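Here is a short briefing on one protein model. Look through the structure first, then read the points by topic.

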Amino acid sequence: MNETIQPLNPIAFSLGPIDVHWYGIIIGSGLALALFLAIREGNRRGLPNDTFADLMLWAIPIAIISARIYYVIFEWEYYVNHPADIPKIWNGGIAIHGALIGSVITTIIFAKKRGVSFWKIADIAAPSIILGQAIGRWGNFMNQEAHGGEVTRSFLENLHLPDFIINQMYINGTYYHPTFLYESIWDFIGFFLLIFLRRVNFRRGELFLSYVIWYSVGRFFVEGLRTDSLMLGSLRMAQTISIALIVVAAAIIIYRRMKQPSEVRYLDQSN
């Protein structure tokens, strides 16, 4: 039976010599939906209609570039000998922490120029970000990457997964943990949690910081199962950064609550 299992074609269609990969389509779809939701919520929170559209013109390309640079840095041993592969993001190899670093820096600069609170923009965008991540993980699925260690087919069947997922986890004669799926589910739950927390009317910035904590907790545990972690010596970088982000985000929340008891809240219309 296993000999008949073929992976899903990572190429959606071709335009002459150009192959359009499912990876790019899925990532693009996640970004489009995330932008739509951010614009809609931004309008409700009193931001001009073009705020997020203008921000994304800068944030998306910078995030992609920074995500790729981050990945290449930690895989430099390979890319120094294969420099032509550096721009081939359609083959996978972008790191979400790199994308977040680029996006946050871009948003800080953008918010300052627009005279809008960075925290307000970040809070509005938080559910969109994690939803985009949840969708984007299915690009890894199509590329058969970001998986975990070896498992048996019966293990996957006991998870009540559909055959198309189980079969796609059969790579070079071995079944693997569908860690892309674990993280995607965690992110989808986080999306609905953040939507609910909007009603709680947290202090400004705390919705985004809650996203950072939620995502980082899930990423820490999922990363422990993966076989393709970016390493710094014996440290898994994603786990190390996740711990740091949890601590920093929690510290910021505690500090601001202690020092700024009358802080503006999420549902306030002020900039």
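Buried means under 20% relative accessible area, exposed means over 50%, and partly exposed lies in between (1.4 Å probe, protein chains only). By that rule Glu 206 is buried, with a relative accessible area of 3%. This is a predicted model: local features need pLDDT of at least 70, side-chain atom pairs count only at pLDDT 80 or more, and totals for chains, interfaces and linings use all residues. Residues are numbered from 1 along each chain as its sequence is written, and side-chain values use heavy atoms, with hydrogens and water left out.

**Salt bridges**

- A salt bridge is a side-chain nitrogen of Lys or Arg within 4 Å of a carboxyl oxygen of Asp or Glu.
- The structure holds 15 salt bridges.
- Glu 206 forms one of them with Arg 257, and their closest N and O atoms are 2.9 Å apart.
- This pair links distant parts of the chain: Arg 257 sits in helix H10 and Glu 206 in helix H9, 51 residues apart.
- Helices (H or I, at least four residues) and strands (E, at least two) are DSSP runs, numbered from the N terminus.
- Arg 257 is partly exposed, at a relative accessible area of 37%.
- Arg 153 and Glu 157 also join their side chains in a salt bridge (3.0 Å, N to O).
- Those two are four residues apart in helix H6 (residues 153-158), so about one helical turn separates Arg 153 from Glu 157.
- Arg 153 counts as buried, at 14% relative accessibility, while Glu 157 counts as partly exposed, at 39%.
- A further salt bridge joins the side chains of Arg 226 and Asp 228 (2.9 Å, N to O).
- Arg 226 counts as buried at 10% relative accessibility, and Asp 228 is partly exposed at 31%.
- Arg 226 and Asp 228 belong to a network of salt bridges that also links Arg 137, Glu 183, Arg 219 and Glu 223.

**Pocket and cavity**

- Rolling a probe the size of a water molecule over the atoms shows where empty space is left.
- The search uses a 1 Å grid over the protein atoms alone. A cavity is a set of points where a 1.4 Å probe fits but cannot get out. A pocket is an open set with protein on both sides within 12 Å along at least five of seven lines. Lining residues have an atom within 4 Å of a point.
- Grid points are joined across faces, edges and corners, and a volume is the space filled by probe spheres set on the points.
- The second largest pocket has a volume of about 370 Å³.
- Its lining has 18 residues, and Leu 100, Val 104, Phe 208, Val 212 and Leu 245 lie nearest the centre of this pocket.
- Four helices each supply at least two lining residues: H4 (96-114), H5 (118-143), H9 (206-223) and H10 (237-259).
- H9 gives the largest share of this lining, six residues.
- Ala, Val, Leu, Ile, Met, Phe, Trp, Tyr, Cys and Pro count as nonpolar, Asp, Glu, Lys and Arg as charged, and the others, Gly among them, as polar.
- On that scheme, the lining of the second largest pocket has 16 nonpolar, two polar and no charged residues.
- The structure holds one cavity of 30 Å³ or more.
- The largest cavity has about 30 Å³ of space.
- Arg 45, Trp 119, Lys 120, Asp 123, Ile 124, Arg 204, Arg 265 and Tyr 266 line the largest cavity.
- By class, the lining of the largest cavity has three nonpolar, no polar and five charged residues.

**Loop and strand details**

- Gln 144 is not a glycine, yet has a positive phi of about 55°.
- Gln 144 lies in the loop between H5 and strand E3 (150-151), and counts as buried at 19% relative accessibility.
- Ala 146, also not a glycine, has a positive phi of about 55°.
- Ala 146 is found in the loop between H5 and E3, and is buried at a relative accessible area of 5%.
- Thr 174 lies in strand E5 (residues 174-176), and is buried at 18% relative accessible area.
- The C-alpha atoms of Thr 174 and Val 151 are separated by 7.7 Å, although these residues are 23 apart along the chain.
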